[in-house]
Amino acid sequence: MTIPEAPPRPRVGKVDVALGVLNGVLGDYLQRQNNALATPMGLFHEGLPLPIEREALRAAHPSSTGRVALWVHGLAVTEAVWAFPSEPTTDYGTLLERDAGFTPLYLRYNTGLHISDNGEALAHLLQRLVEEFPVPITELVLVGYSMGGLVLRSACHLASEACLPWLSLVRRSFSIGVPHFGSPLERMGTVVAQVLRAVPNPCTRLVADVVDLRSSGVKDLGDARLRRQDWEDTSAPCSPLRPPPGIAHHLIVGALGQEGRWVSALFGDGVVSLASASGRTGPRDSSPLFPPENVQVVSGIDHVTLAHHASVYARLRESLTMEAS
């Protein structure tokens, strides 16, 4: 499919991309050490920090209509993940601004922190955004890719519990390749570390310590730990966190092969299984987190490509424009 043209936007620098990887792997450690390389949560515009202040927001988005889409990236990347490789100045946000009038706001955050910590920070950031935006926000659409979708769910849960007003502006959310029930690859790393540590050999235990050097954010991905209590007490499995009512949740799921084939059923998009990305514990789950009719599978696409593919954008645009009409 041909990528439609959109207004240009500068690339994110290579240093920022490297910092995204570093924070994904060691972000919690960097923050504990007060290291300047730890990424603070904030909005970014054209590769630069965007202060959540009225005049700065007005200068960045002088034509905003109050319909806002927040784009939240996944693990070990930055907002640059949304850019199309063949058209680095084009992404889903710029296209939706042109096609449906949604002002794009891009979040950058330390993906090595606990998902619940990022969720809490995001909940309060969005409250400041609503108060400082230069025009009244009439609708806030949330779009999360991979871990970003879990951070958004955590933020919505906290906002619901704290009765934060911004949540009432959210009527639609989109999950793109989000491991709603965790990632098997991370769970495999946890099991390997536990087995190695059980072997009565100092060398083997040293290897286990190295394997276990995954950040808090990475470990949270294994079982989709969205609340503080989920990781403070890991002796019991996480209970499913139901999304707040009143929001239409749309899920876009990647599949390496054709839908219904064993390759797709086993491997999903190569990182997230079809069931987890669809908000189900398995094929026979009778109580999925989200309505099955809101799940769309994009065949022949891997996890990374989900963040910047014409077929995914077509589904985003169709869902937003169809409901708006």
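The paragraphs below take up a helix pair and then the salt bridges.

The model is predicted. Helix 4, which covers residues 115–132, packs against helix 5, which covers residues 147–162. Their axes lie 7 Å apart and meet at an angle of about 60°. Angles from 65 to 115 degrees count as roughly perpendicular and those under 35 degrees as roughly parallel, so helix 4 is oblique to helix 5. The crossing of helix 4 and helix 5 is right-handed. On the side of helix 4, the contact is made by Ile 115, Ser 116, Asn 118, Gly 119, Glu 120, Leu 122, Ala 123 and His 124. Helix 5 contributes Met 147, Leu 150, Val 151, Leu 152, Ser 154, Ala 155 and Leu 158. Sorted by type, the residues of this contact comprise nine nonpolar, five polar and one charged.

The charged side chains come next. Side chains of opposite charge can pair when their charged atoms come close. Across the whole structure, a search finds 13 salt bridges.

One of them joins Arg 32 to Asp 28, with 3.8 Å between the closest N and O atoms. Both residues belong to helix 1 (residues 14–32), and because they are four residues apart there, about one helical turn separates them. Are the two partners buried or exposed? Arg 32 has a relative accessibility of 57% and therefore counts as exposed, the cut-off being over 50%. Asp 28, at 12%, falls under the 20% limit and so counts as buried.

A salt bridge also forms between Glu 79 and Arg 108, where the closest N and O atoms are 2.7 Å apart. This pair links distant parts of the chain, its members being 29 residues apart. Glu 79 sits in the loop between strand 3 (67–72) and strand 4 (83–84), while Arg 108 is in strand 6 (residues 103–108). Glu 79 and Arg 108 are both buried. The two residues also take part in a network of salt bridges, in which they are linked with Asp 16.

Another salt bridge brings together the side chains of Asp 223 and Arg 225, at 3.8 Å from N to O. Asp 223 has a relative accessible area of 36%, between the limits of 20% and 50%, and is therefore partly exposed. Arg 225 has a relative accessibility of 14%, which means that this residue counts as buried.

Conventions. Residues are numbered from 1 along each chain as its sequence is written. This is a predicted model: local features need pLDDT of at least 70, side-chain atom pairs count only at pLDDT 80 or more; totals for chains, interfaces and linings use all residues. Side-chain values use heavy atoms; hydrogens and water are left out. Axes are lines fitted to C-alpha atoms, for helices over the stretch in contact, and angles run from 0 to 180 degrees between N-to-C directions. Helices (H or I, at least four residues) and strands (E, at least two) are DSSP runs, numbered from the N terminus. Angles under 35 degrees count as roughly parallel, over 145 as roughly antiparallel, 65 to 115 as roughly perpendicular and the rest as oblique. A crossing is left-handed if the near helix is turned anticlockwise from the far one by less than a right angle, and right-handed if clockwise. Contact means heavy atoms within 4.5 Å. Ala, Val, Leu, Ile, Met, Phe, Trp, Tyr, Cys and Pro count as nonpolar, Asp, Glu, Lys and Arg as charged, and the others, Gly among them, as polar. A salt bridge is a side-chain nitrogen of Lys or Arg within 4 Å of a carboxyl oxygen of Asp or Glu. Buried means under 20% relative accessible area, exposed over 50%, partly exposed in between (1.4 Å probe, protein chains only).
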